[in-house]
Amino acid sequence: KPYSKWVRSFSCIEGNEHIPRYASKHGMKTMVGAWLGADKEDNEKEIAGLIQLAKEGCVDIAAVGNEVLYRNDLTLEELLEYIRRVKEAIPGVPVGYVDAYYEFSTHPELVEISDVILSNCYPYWEGCHIDGSLAHMQQMFGQASHAAQGKKVIITETGWPSEGGSLRGAVSSEENAMKYFINSQVWSTKANIDIFYFSSFDESWKTGDEGDVGAYWGLWDKHEKLKF
């Protein structure tokens, strides 16, 4: 607040369960994620946490898993079973699953079971030059929308890093990060598309899988100062 109306969280354990509670208390909407992975015990805690938060009235959209298929952590059938369980437990709350835009074309079962299609769209990670990045993101959204069979599609992550490495034609810089942010916001407003922008704060710990660039996706820096 006052920069955003919604907050997205990625887990319902280890303290992350407090995010939707505080956000709701302050009049913000929430998309709350249960983090699913290979650890079945943790998955049970996450699912229980998500259901509990929804019953408290803190969940506007429930996301069961994030890029689980992309990481090959669970089979499609295992994932669908978790989604089914959550849907049965919280009938009043829209439920979906977050993954890269193309996974919904590959797995129509995901579309069938979801109330809303939650699609990650990153031109940067596909090595796209900044000049073509908005058009590329629109194409990704188009593919997810085509797969969605008329269901609402929300872009659950998109963004551009302000420093760090580069990936083929995609160059991370302050100017490119600001350009991408403005372009995506203007388009989403005009086209009435909902976007969760990734991310709020720079995360210094995120350099393992993504290299140095992983730490610089925030609109705020790691000291919670707005970059722009």
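## Aromatic pairs

Trp 125 is partly exposed, with a relative accessible area of 33%. Here, buried means under 20% relative accessible area, exposed means over 50%, and partly exposed covers what lies in between, using a 1.4 Å probe and protein chains only. A word on the ground rules: this is a predicted model, in which local features need pLDDT of at least 70 and side-chain atom pairs count only at pLDDT 80 or more, while totals for chains, interfaces and linings use all residues. Residues are numbered from 1 along each chain as its sequence is written, and side-chain values use heavy atoms, with hydrogens and water left out.

How many aromatic pairs does a search of the whole structure find? There are 15 of them. In the pair made by Trp 125 and Trp 217, the ring centres lie 5.7 Å apart and the planes meet at 25°, so this pair is stacked (rings of Phe, Tyr and Trp, the last by its six-membered ring, pair if their centres lie within 6.5 Å; planes under 30 degrees apart count as stacked, over 60 as edge-to-face and the rest as tilted). The element names follow DSSP runs numbered from the N terminus: helices are H or I runs of at least four residues, and strands are E runs of at least two.

Another pair to look at is Phe 181 with Tyr 197, which is edge-to-face, at 4.9 Å centre to centre and 90° between the planes. Phe 181 belongs to helix α8 (residues 174-191) and Tyr 197 to strand β9, so their pairing ties together parts that are 16 residues apart in sequence. Phe 181 is partly exposed at a relative accessible area of 23%, whereas Tyr 197 is buried at 17%. Do also look for the aromatic cluster formed by Phe 10, Tyr 122, Tyr 124, Trp 125, Trp 160, Tyr 180, Phe 198 and Trp 217.

## Salt bridges

The count of salt bridges comes to 13, where a salt bridge is a side-chain nitrogen of Lys or Arg within 4 Å of a carboxyl oxygen of Asp or Glu. One of them joins Arg 8 to Glu 157, with the closest N and O atoms 3.0 Å apart. This bridge links distant parts of the chain, 149 residues apart: Arg 8 in strand β1 (residues 6-9) and Glu 157 in strand β6 (residues 153-158). Are these two residues, Arg 8 and Glu 157, buried or exposed? Both are buried.

Arg 84 bridges to Glu 77 with a closest N to O distance of 3.4 Å. Arg 84 is partly exposed at 31% relative accessible area, and Glu 77 is also partly exposed, at 47%. Then there is Lys 87 with Asp 115, whose closest N and O atoms are 3.3 Å apart. Lys 87 lies in helix α4 (residues 76-89) and Asp 115 in the loop between α6 (108-113) and β5, so the pair ties together parts that are 28 residues apart in sequence. Both ends are partly exposed, Lys 87 at 28% and Asp 115 at 36%. Through shared partners, salt bridges also join Glu 77, Glu 81 and Arg 84 into one network.

## Helix packing

Two packed helices are described by the angle between their axes and the distance between the axes. Helix α2 (residues 40-55) packs with α4 at an angle of about 25°, with the axes 10 Å apart. That makes α2 roughly parallel to α4. Axes are lines fitted to C-alpha atoms, for helices over the stretch in contact, with angles running from 0 to 180 degrees between N-to-C directions. Angles under 35 degrees count as roughly parallel, over 145 as roughly antiparallel, 65 to 115 as roughly perpendicular and the rest as oblique. Residues of α2 including Ile 47, Leu 50 and Ile 51 meet a set in α4 that includes Tyr 82, Val 86 and Ala 89, contact meaning heavy atoms within 4.5 Å.

For α7 and α8, the packing angle is about 40° and the axes are 10 Å apart. That makes α7 oblique to α8. Among the residues that meet here are Leu 134, Met 137 and Phe 141 in α7, and Tyr 180, Asn 183 and Trp 187 in α8.

## A closer look at Ile 51

Ile 51 is found in helix α2 and counts as buried at 17% relative accessibility. Leaving aside residues up to four places away in sequence, Ile 51 touches Ala 89 and Ile 90. The C-alpha atoms of Ile 51 and Ala 62 are separated by 8.9 Å, the two residues being 11 apart along the chain.
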